[in-house]
Amino acid sequence: MAVAQRDPHTGYTTTGHEWNGITELNRPVPKVIWLFLAATIIFSVIYWVLMPAWPLVETYTKGVLGVDQRSSLAENLRIAAADRASWTQQIETRNFAEIQADDSLMQIVRNTGRPLFEDNCATCHGMKGQGGHGFPRLTDDAWLWGADPATVAETIRVGINSTHNETRVSQMQAFGRDGILDRAAILDVVTYVRSLAGAEPTGDERSDSIAAAAEVFAANCAACHGESGTGNTELGAPDLTDESWIYGGDRQSVYTTVYRGRQGHMPHWEGRLSALERKLLTLFVLDLGATKQ
Amino acid sequence: MVAGLTKGERQFAIVISVVLALCGLFLAGAGHQRPLGVHGLLIAFLGIATVFVVLSGYIAPEPSEERLSSYYDDPSKAGIIIAMIWAIFAMFIGDWVAWLLAYPEMTFDAAWASFGRLRPVHTTGVIFGFGGNALIATSFHVMQRTCRARMPDQLSPWFVLLGYNLFCILAVSGYFIGVTQSKEYAEPEWYADIWLVIVWVTYFVLYLRTLARRQEPHIYVANWYYLAFILVVAVLHIVNNLAVPVSLGHAKSYSAFSGVQDAMTQWWYGHNAVAFFLTAGFLGMLYYYLPKRAERPIFSYRLSIISFWGITFLYMWAGSHHLHYTALPHWVQTLGMTFSVMLLVPSWASAGNALLTLNGAWHRVRDDATLRFMMVAAVFYGISTFEGSFLAIRPVNSLSHYTDWTVGHVHAGALGWVAFITFGSIYAVVPILWKRERMYSARLVEVHFWLALAGTLIYVFAMWNSGIIQGLMWRTYTESGTLAYSFIDSLVAMHPYYVARAIGGLLFLIGAAIGFYNIWMTVRTAREEPLEPVADRPIASDTPAGAVQPGE
């Protein structure tokens, strides 16, 4: 057994053990450690008395304060809803036109709609509703299903080609892939469609394209897009005469669209967002375009 | 390596390798054209390669009996080098992931390079690859010295070290090809988990056998911590990974737990992985290398006792603080919170015991970057345990949870505490293991120290800022009573901090690379004369326990 030695620096003796040169001082535990240990234990015991804490066989100690995270959450939600009621009731009960005419209400729509839009819609439609490849711009006048608020609200509710029972359904056929039109006819139709929108020719077009394609268009495209190509909001068929292109307006993009067809997808928001939130989004989205102009 | 094994051990090594290769071939066949098949082939290849390595050294003469009068350090040497390789690899991935968060397009549209796969590569690589190998290597070194006994055989330490690295390789390669059971820090699938159990039990038994051979009457504190680390990690690993494989031919398995029980089991595991892997094991390192380097007695033996039992008892309850405000019953959250608060005292007692041990040696801390690494480690241990107890308080947690504050907290512990104590210990042990007078370059240790400290501080401050900003943005309401910010607003606000974090991580990585170079050059540089400290050898095993030691 080793002999305890006195450490000259501290004046304490070692425990008398030594491991490869390491020794330990036989110094009492500092009082402050006991103090803090006692303090944290007392804090814990008090906390256990106040709050739900220890499991019993079939239940647990509920704590004298009667706090429970589920009921306090429900209570907080109730209070928050009551605080918002002053304006939410107005949004819920008044019609779109009345709300749009009310400046103070629209200010609330702009403030509360922005995070709602950015959290739910911006992933596809862009932070400012500017759209992106395959996703419509929301700040222009081109509305696939119509621009009135009730229609926009319905689109948000059921989605497009979504899994909702009442979903809007819209599909453009794959004219090339499915062999309905040959390559030359598609190229002519591309030229024709681009001319409808007033796009500048690129020089690749055949000279008699437009005449040849008019017939093809009438036979294949007009059923949905209309004889003059102005689209049909009943079917969600885009207006081809404006400058808005969901999948791009250059010759290659339009060719791809006609060749492969399109079946855009928008999820439905009923069940995920409340009726109030969807109404706010409707107003917010329409306001995006309105304030832009 | 093979020359150090006896004939019997070489034969046994071949048997183990052949069995391993056969298991690999079975998995390769059963999991043909699936990720499991890839792993089967990998296991078979490594098994066969080991057979060849052992055979190539098979006819070498047996090690002499003289070996028994020295410590067996070859596995420790290999472990240190492997740990540093893992450090460079996994810290590189970590910094990549950090840049990826700032610039998400850096995934290059490749599945293997997506955040969800790279992140576990980083965490497994640093925790298990770097930390685990460093723990194994130093524990072999420390247990032999503090027991004054050589390890009982030469094969089992190699089995533990190499087997453990096979587990790490299976884990990390699995993430790249999509194998994961989606449990944080327990991602590897069932076959890797089973293998780790075998390796880990061998480790535990090896430790106990060495302790049983000890020539010291008492067991030193470092051994308490190493042993707690090995024992509890085994328990945690087995329970949390209880799962049923889809079939023997599939990597996929389903957990034995479901719903909130699964979450609770996972965070009981997860938090105690922090406690017993990242704390207890490294406290073992601290308790040996710090007093050794400082040449000071431990401040208080009694304080060691309080800290050890406080930490081991209280940590076990704290895991539920990871699940505040969730489906977990309120009472479980209360217990997790209060035990976390009580845990602060023994944690600070440990940190204080380490720092006060330096009293009388602060001039060494000033002059010796190796000791300074250990000092800073103790400081960060204190900081991050305080922060941990603080974040475990429910109302605080409601702000910090799911934010970068958590990430900052973890890295204050992982970089400031775990990596610092590891680097300090490695710089202390490398000259001893390779019998050099000192490291190749003390200046490079100094450079590594400042790079690591700067990197850690930049990282932690960036995450504190971004975490608190995030938490506040997520709970800011407009006058109308709705959320003022969208999630993406908070992402935009995070961007500068993410860049700062990635720069901090880069500094830390460069420091580790310099450290690796320094270690490599220390090993490579021939010593001028053999340095054999007289005291650094075990007591012959025929001496009865408790015999008077030389020099006493």
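**Exercise 1. The domain interface within chain B**

What area is buried between domain 1 of chain B and domain 2 of chain B, and what share of it do carbon and sulfur atoms give? Characterise this interface in the predicted model.

*Solution.* 

Step 1: The domain assignment places residues 1–61 of chain B in domain 1 and residues 74–524 in domain 2. Taken over C-alpha atoms, the centres of these two domains of chain B are 30 Å apart. Domain 1 of chain B brings 21 residues to the contact, and domain 2 of chain B brings 20 residues.

Step 2: state the area. About 1700 Å² is buried between the two domains of chain B, with 78% from carbon and sulfur atoms. On the side of domain 1, the residues that lose the most area are B:Met1, B:Leu36 and B:His39, which together account for 31% of what that side buries.

Step 3: count the polar terms. Between domain 1 and domain 2 of chain B there are zero salt bridges, while six residue pairs are in polar contact across the interface.

Step 4: Helix H1 (7–30) and helix H2 (35–56) of chain B each supply at least two residues of the domain 1 side; H1(B) gives the most, with eight residues. By class, this side has 15 nonpolar, four polar and two charged residues.

**Exercise 2. The interface between chain A and chain B**

Determine how many residues of each chain are in contact, and describe the area, the polar terms and the contributing helices of chain A.

*Solution.* 

Step 1: count the residues. In chain A, 49 residues are in contact with 57 residues of chain B.

Step 2: state the area. The two chains bury about 4600 Å² between them, of which 62% lies on carbon and sulfur atoms. A:Trp19, A:Asn20 and A:Gln69 supply 17% of the area that chain A buries against chain B, more than any other three residues.

Step 3: count the polar terms. There are two salt bridges between chain A and chain B. One of them joins the side chains of A:Arg114 and B:Asp489, at 2.9 Å from N to O. The interface also has 24 residue pairs in polar contact.

Step 4: Helix H1 (31–50), helix H2 (69–93) and helix H4 (103–120) of chain A each supply at least two residues of the side that touches chain B. The most come from H1(A), with ten residues. The chain A side divides into 27 nonpolar, twelve polar and ten charged residues.

Terms used
Residues numbered from 1 in each chain as written. Chains lettered and ligands numbered in written order. Predicted model: local features only at pLDDT ≥ 70, side-chain atom pairs only at ≥ 80, totals over all residues. Heavy atoms only, no water. Domains from an automatic or database assignment. Contact = heavy atoms within 4.5 Å. Buried area = accessible area lost by both parts, 1.4 Å probe. Salt bridge = Lys/Arg side-chain N within 4 Å of Asp/Glu carboxyl O. Polar contact = N/O pair within 3.5 Å; in protein donor to acceptor, adjacent residues only side chain to side chain. Helix = DSSP H or I, 4+ residues; strand = E, 2+ residues; numbered from the N terminus. Nonpolar A, V, L, I, M, F, W, Y, C, P; charged D, E, K, R; others polar.
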